[in-house]
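Visitor: I am new to this structure. Could you walk me through it, one question at a time?

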Amino acid sequence: MVSACVSSDDRSLLLVTGGGAVWRCGLSFDEDGVLSCALPDELSELLPADTLATAVVVDVNDNVYACTEQGVWIGDETG
C-alpha cells in the first residue's frame with residue numbers, strides 16, 4: 001500500500017497499491033463497534049490507460065482525487 005485515506009463520513013476507505021491501482025472499500029460498524037470492510041471496488045479502471053496512481057484523497061462531497069505522474073485525476077459520481 002502506498003497511500004490511504006478515509007472519507008469524511010467514515011464509510012469508505014480508499015487505497016493506492018504499490019502497483020498504482022486505486023481501490024475503495026465500504027466501511028461499517030456493527031452495534032458492538034466492530035469495524036467491517038466490504039470487498040474492494042477497483043477505481044483505477046476509471047483512470048486513463050497506462051496511468052498509475054501514487055496517492056489518493058477524497059473530499060467531503062465524495063469526489064476522489066488520484067495523483068499520477070501526468071497530474072491529478074478527479075472522479076465524481078459520474079466517473
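Visitor: Which residue in S8 does tyrosine 65 stand opposite?

Guide: Happy to start there, with a predicted model in which local features need pLDDT of at least 70, side-chain atom pairs count only at pLDDT 80 or more, and totals for chains, interfaces and linings use all residues. Residues are numbered from 1 along each chain as its sequence is written, and side-chain values use heavy atoms, leaving out hydrogens and water. Strands here are DSSP runs of E, at least two residues long, numbered from the N terminus. Across in S8, the residue opposite tyrosine 65 is isoleucine 74.

Visitor: How many bridges join S7 to S8?

Guide: These two strands run antiparallel. Strands count as paired if DSSP finds at least two bridges between them. For S7 and S8, the number of bridges is five.

Visitor: Which strands stand at the edges of the sheet?

Guide: The open sheet is formed by three strands in the order S6-S7-S8, with antiparallel pairing. An edge strand has a single partner, so one of its sides is left without a neighbour in the sheet. That describes S6 and S8 (71–75).

Visitor: Is methionine 1 buried or exposed?

Guide: Methionine 1 sits in the segment before strand S1 (3–6). Leaving aside neighbours within four places in sequence, methionine 1 is in contact (heavy atoms within 4.5 Å) with Leu15, Val16, Thr17 and Gly18. Because its relative accessible area is 71%, methionine 1 counts as exposed.

Visitor: What is the phi of aspartate 62 near?

Guide: Most residues other than glycine have a negative phi. Aspartate 62, in the loop between S6 and S7, is partly exposed, with a relative accessible area of 37%. Its phi is positive, although aspartate 62 is a residue other than glycine, and lies near 70 degrees.

Notes: Helix = DSSP H or I, 4+ residues; strand = E, 2+ residues; numbered from the N terminus. Buried < 20%, exposed > 50% of the residue type's maximum accessible area, 1.4 Å probe, protein only.
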